[in-house]
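Trainee: I have a structure open and want to learn how to read it. Where do we begin?
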Amino acid sequence: GAIELGPYRHYMQKEIFEQPRAISDTLEGVLGFTPELFGPKAEAVFNDIDSVLILACGTSYYSGMTARYWLESLAGLPTSVEIASEYRYRKPAVNPNTLVVVISQSGETADTLAALKYAQELGHKHSLAICNVGTSAMVRETELSYLTRAGAEIGVASTKAFTTQLTALFLLTATLAKMRGRMDAEAEAFHLKNLRHLPNALQSVLALEPHIIAWSEAFARKEHALFLGRGLHYPIALEGALKLKEISYIHAEAYPAGELKHGPLALVTEDMPVVTVAPNDTLIEKLKSNMQEVRARGGQLYVFADGDSQMHSSEGIHVIRLPEHYGLLSPILHVVTLQLLAYHTALARGTDVDKPRNLAKSVTVE
Ligand code: G6P
């Protein structure tokens, strides 16, 4: 109870603030991008694969969606990501040289475990688990694994498990990219440096908490919210919407911003806050025009920009700026702002943050 929580009011808040430590622990002992990180057989397995299939549920599925962007762009590996409960009941076309990756905090989620076994029965030779529990069924059932070192996660809404999964998935991507001749020593040093600096970068993001608390007052009075992102940050928008609905019970949906005009724009009024994940990447100009579409309908924009994006608060546009632009690893920083927004909104609404109604931490039955 109180002693373990220290200065925090809930496990979720404590776990959000533990993320710099969780990430540095997950990176402990990583001196370079070498296959041995994933197990003694990894080198042979990685040389044998030509694609990746990721299976997961919930928040873990969103870390998989993010990893797809990395795996395709850095490692050049065709990647598909599928909800485990869907995969296990369909007849997929099988490529034995696909690496099946299961992602799970608990390693016991019934649908993910069943999807893994099904993929193996269908003839997939190679499997890898990214998991937070070393003794779990998923780690036992896969030939390779990488353990995240988030530590026990108590809050039902996953936070530090997600950012450590992303860290592990980036390691996997970089290792595959290097083995496939797509990452030279200079690039490896660059990515390693960025990974090692993540805990510090995260501290500066956590320091934005007071600004996010100020926003949460407005959110607590709403019944709907829309989250927008593009590219690598579309899955982060999805995760932000999931966090908000799980713990504050506000209806939230996420869209890739380019899809606005194909539906969600019809919902935008001044009562609909629109959270926009807006790092200064190659899609920023496109995103700015999507934001104009929202403003033109009176929508209120809440924008998480970063150090490099030229975006300023104005009528109907509220901007919080993350201190650094973080390139390919930017999702790991941006999601933390959305975790804090969901947490403080739920707090303002007085919900049971650590144990939201109807949800379980680990879903071990179908
Ligand atoms: C439940 C939890 C989520 C989690 C999901 C998958 O729904 O409430 O936080 O993302 O299960 O769990 P896993 O342990 O497989 O990551």
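**Reading the model step by step**

Mentor: With the ligand. This is a predicted model. The largest share of the shell around the ligand comes from helix H5 (residues 58–73), which gives three residues.

Trainee: Which of the 16 residues around the ligand come nearest?

Mentor: Gly-58, Thr-59, Ser-104, Ser-106 and Thr-109. Now sort the shell by class. There are 10 polar, five nonpolar and one charged residues.

Trainee: What is the order of the strands in the open sheet?

Mentor: Read across the five strands: S2-S1-S3-S4-S5, with parallel pairing. Strand S2 (79–83) and strand S5 (144–147) each have a single partner strand, so one side of each has no neighbour in the sheet. Neighbouring strands are turned by 20 degrees against each other on average, direction ignored.

Trainee: How many bridges join strand S3 and strand S4?

Mentor: Six, linking S3 (residues 98–104) to S4 (residues 126–131) in the parallel sense.

Trainee: Which strands does H5 lie across?

Mentor: Strand S1 (51–56), S2 and S3. H5 runs at about 170 degrees to S2.

Trainee: Now two helices. What describes their packing?

Mentor: The angle between the axes and the distance between the axes.

Definitions and conventions. Residues numbered from 1 in each chain as written. Predicted model: local features only at pLDDT ≥ 70, side-chain atom pairs only at ≥ 80, totals over all residues. Near = placed C-beta within 6 Å. Helix = DSSP H or I, 4+ residues; strand = E, 2+ residues; numbered from the N terminus. Nonpolar A, V, L, I, M, F, W, Y, C, P; charged D, E, K, R; others polar. Pairing = 2+ DSSP bridges. Axes fitted to C-alpha atoms, helices over the stretch in contact; angles between N-to-C directions. Contact = placed C-beta atoms within 7 Å.
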